[in-house]
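Hi there,

Here is the structure we talked about, ready for you to open and turn around on your screen. Have a look at it first, and then read on for what turned up in it.

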Amino acid sequence: MADINKKVGARIRKLRKTKGWSQEKLALEANLHRAYIGQIERGEKNIGLINLEKIAKTLKTKPFELLK
């Protein structure tokens, strides 16, 4: 299970960095806490569907794209 968390986190980090955004900027735009974004990107948190959708919308992508 932890493996998928790391893969999704890495995908989110890659898309965030492509935009030139900090974790703080992504968190602010997605209305989430910065520490939570960091935990997701490191694969430490099991992200819920609602928050996955918030992050996907903020990054202008579809939730399923974050799961590839």
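Before anything else, please keep in mind that this is a predicted model.

**The core**

Leaving out its neighbours within four places in sequence, Ile-12 is in contact with Leu-26, Ile-40, Glu-41, Ile-47, Ile-55, Leu-59 and Leu-66. Ile-12 also belongs to the largest nonpolar core, which has 16 residues. Within that core, the residues touching the most other members are Ile-12, Ile-47, Ile-55 and Leu-66. Which elements give two or more residues to this core? They are α1 (2-18), α2 (23-30), α3 (34-41) and α4 (49-58).

Just after α3 you will find Gly-43, with a positive phi of about 80 degrees.

Is Asn-51 buried or exposed? Its relative accessibility is 18%, so Asn-51 counts as buried.

**Charges that meet**

Six salt bridges were counted in the model. Here are three of them to look up.

- Arg-16 and Glu-41 form a salt bridge in which the closest N and O atoms are 2.6 Å apart. Arg-16 is in helix α1 and Glu-41 is in helix α3, so this pair ties together parts that are 25 residues apart in sequence. Both residues are buried.
- Lys-7 and Asp-3 meet through their side chains in a salt bridge, at 3.4 Å from N to O. Both lie in helix α1, four residues apart, which is about one turn of the helix. Lys-7 counts as exposed, at 52% relative accessibility, while Asp-3 is partly exposed, with a relative accessible area of 48%.
- Glu-44 and Arg-42 form a salt bridge with their closest N and O atoms 3.0 Å apart. Arg-42 counts as partly exposed because its relative accessibility is 43%.

Arg-16 and Glu-41 are also part of a network of salt bridges, together with Arg-13.

Now for Gln-23, which lies in helix α2. Gln-23 is buried, with a relative accessible area of 18%. Not counting residues up to four places away in sequence, Gln-23 touches Arg-16, Arg-34, Ile-37, Gly-38 and Glu-41. The side chains of Gln-23 and Glu-41 make a polar contact at 2.9 Å.

**Around the rings**

How many aromatic pairs does the structure hold? The count is zero. There is still something to see at Trp-21, though. The charged end of Lys-19 sits over the ring of Trp-21, 5.4 Å from its centre. The charged end of Lys-25 sits over the ring of Trp-21 as well, at 5.5 Å from the centre.

**Two backbone angles to check**

Most residues other than glycine have a negative phi.

Asn-31 has a positive phi near 60 degrees, and it is not a glycine. Where does Asn-31 lie? Its place is in the loop between α2 and α3, and Asn-31 is exposed, with a relative accessible area of 63%.

Lys-60 has a positive phi of about 60 degrees, and it is not a glycine either. Lys-60 lies in the loop between α4 and α5 (63-66). At 72% relative accessibility, Lys-60 counts as exposed.

Enjoy exploring, and send me any questions that come up along the way.

Best wishes

Technical notes
Residues numbered from 1 in each chain as written. Predicted model: local features only at pLDDT ≥ 70, side-chain atom pairs only at ≥ 80, totals over all residues. Heavy atoms only, no water. Core = buried A, V, L, I, M, F, W, Y, C linked by side-chain atoms within 4.5 Å. Buried < 20%, exposed > 50% of the residue type's maximum accessible area, 1.4 Å probe, protein only. Contact = heavy atoms within 4.5 Å. Phe/Tyr/Trp six-rings, centres within 6.5 Å; stacked < 30°, edge-to-face > 60°. Lys NZ or Arg CZ within 6 Å of the ring centre and 35° of its normal. Salt bridge = Lys/Arg side-chain N within 4 Å of Asp/Glu carboxyl O. Polar contact = N/O pair within 3.5 Å; in protein donor to acceptor, adjacent residues only side chain to side chain.
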